[in-house]
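Student: I have a new model open and would like to learn how to read it. Could you take me through it feature by feature?

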Amino acid sequence: MVKIKKSNRNNYIDELRGIAAIGIVAIHTAFWSGSYYTPLWFQSLTLLLDVPFFFFLSGWASSHHVGNIYQTIRGLGRIWLKWVFFIIVWAGVCIPIGGGITNIREFASTVIFNVTFQTFPVAAGSMWFMPYYMIVLVLNQFLLFLTGRLAENKDRALLSYTGFLFLLIVLQNLGSRFVLVIDASLLFYSFFWSAGVAYERLETKITRKGLIAGMCLIVVGIILSARILDMPVSPMQDNKFPPNLTYLLASFIVILIALFMKKDHRKQVSLLVHIGRNAIWYFFAQGVGSSLLYPVLNYINIEWWPPKWLVCFLINLLITTVIAELLRVVYGVIQTMCEKLQKKLKWERGMAYEVKDQ
């Protein structure tokens with residue numbers, strides 16, 4: 001059993017992050033190597049628990065420091081350092097097998113999430129998420145900071161901002177020329193992040209009946225968007241790149257279920273909380289695990305796709321967990337050593353000043 005240290009963090013959000021991290025493993029098991037044997041409807045089903053859920057949880061967790069741009073940039077800086085550490089390890093592993101980083105230009109490109117070497121294709125293909133995540137957080141924190149300064153009622157301003165983003169998404173899906181100049185993914189994930197912030201502010205006003213009514217509206221909305229706007233539910237991957245209204249509505253199904261379950265949530269699952277608090281390592285590691293499934297498939301002689309996918313998923317989850325925990329531990333050791341060295345240098349500098357003064 002994983003022990004979780006006491007903190008001011010919302011453990012339920014961390015649990016949901018843990019579930020979402022496992023969900024990414026499931027998605028990339030169904031896609032990539034799984035695309036050879038899993039049906040389209042199953043692949044579409046896995047996408048219900050996807051990137052929008054992460055952005056919603058991020059907004060939910062960020063609610064207490066909305067408008068604090070400095071804290072946001074500092075947090076993203078820590079994530080970026082973990083990414084740099086990961087690619088250094090990744091490049092080091094690739095040296096014996098070839099296909100790694102060959103020059104400074106490739107390293108610089110990869111540092112800003114433009115992965116140029118494809119030794120682990122899923123790891124490279126997953127990194128489109130990171131630039132959007134960083135831009136969405138900084139941009140929306142800044143916009144909400146301005147909104148909060150200009151508006152008398154901050155909660156009403158937040159709801160208006162979230163509703164405005166949704167309106168822009170609808171207009172974009174209807175082909176509005178004005179809105180088409182805005183990056184669809186940036187607008188889409190900004191809405192989910194803002195919706196997470198809005199939920200935290202208005203949580204006490206949201207009832208079970210309201211969540212059930214919301215679920216019914218979501219289902220009706222999916223049907224209407226599929227028929228009127230010609231956005232079929234399956235394959236959902238076509239709705240994800242670029243993200244459209246059908247993908248938005250479908251993504252809210254899991255969000256509403258999570259909010260509904262929160263009403264009865266009593267006991268935390270420490271393992272999920274642990275994964276959620278270290279979700280970034282699991283996100284990096286799943287790209288390696290999902291890539292390694294390609295050669296593993298040759299040894300899994302199961303004809304029926306459900307047990308075959310389950311076996312591949314468990315293998316992927318095991319590989320991901322081992323790599324993520326190794327990365328976490330090694331990075332933690334290096335971080336501790338750097339902190340001790342920094343304290344030592346400060347102490348030596350202070351002693352030198354004392355001697356000089358004497």
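Student: Let's begin with burial: what share of the residues in the chain is buried?

Tutor: This is a predicted model, and in it buried residues make up 46% of the 358 residues in the chain. Here "buried" means under 20% relative accessible area.

Student: How does the radius of gyration of the chain relate to that of a compact globule?

Tutor: A compact globule with 358 residues would have a radius near 21 Å, and the chain has 22 Å, which agrees. Along the principal axes, its C-alpha atoms fill a box of roughly 80 × 65 × 45 Å.

Student: How many helices and strands are there in the chain?

Tutor: You will find 16 helices and zero strands. For helices in general, there are 3.6 residues a turn, so residues three or four places apart point the same way. Now look at H14, residues 270-277, which is mostly covered. Six of its eight residues are buried, among them Leu272, Val273 and Ile275.

Student: Which residues have the most contacts inside the largest nonpolar core?

Tutor: That core has 98 residues, and the ones with the most contacts inside it are Phe53, Phe55, Trp60, Trp83, Trp90 and Met130. Helix H13, residues 245-262, gives the most to this core, with 12 residues. For a closer look, take Met130: leaving out residues up to four places away in sequence, Met130 touches Ile79, Phe113, Ile280 and Phe283.

Student: And the backbone? Where are the cis peptide bonds that join Ser234 to Pro235 and Phe241 to Pro242?

Tutor: The general idea is that most peptide bonds are trans, and most residues other than glycine have a negative phi. In this model, the bond between Ser234 and Pro235 is cis, with omega about 0°, and Pro235 sits in the loop between H11 and H12. The bond between Phe241 and Pro242 is also cis, with omega about -5°, and Pro242 lies in the loop between H12 and H13.

Student: You mentioned phi. What is the phi of Trp32, and what is that of Asp230?

Tutor: Trp32 has a positive phi of about 50° although it is not a glycine, and its place is in the loop between H1 and H2. Asp230 has a positive phi of about 55° and is found in the loop between H11 and H12.

Student: Are these two residues buried or exposed?

Tutor: Trp32 is partly exposed because its relative accessible area is 30%, which falls between the 20% and 50% cut-offs. Asp230 is exposed, with a relative accessible area of 62%.

Definitions and conventions
Residues numbered from 1 in each chain as written. Predicted model: local features only at pLDDT ≥ 70, side-chain atom pairs only at ≥ 80, totals over all residues. Heavy atoms only, no water. Helix = DSSP H or I, 4+ residues; strand = E, 2+ residues; numbered from the N terminus. Rg over C-alpha atoms; globule rule 2.2 N^0.38 Å. Buried < 20%, exposed > 50% of the residue type's maximum accessible area, 1.4 Å probe, protein only. Core = buried A, V, L, I, M, F, W, Y, C linked by side-chain atoms within 4.5 Å. Contact = heavy atoms within 4.5 Å.
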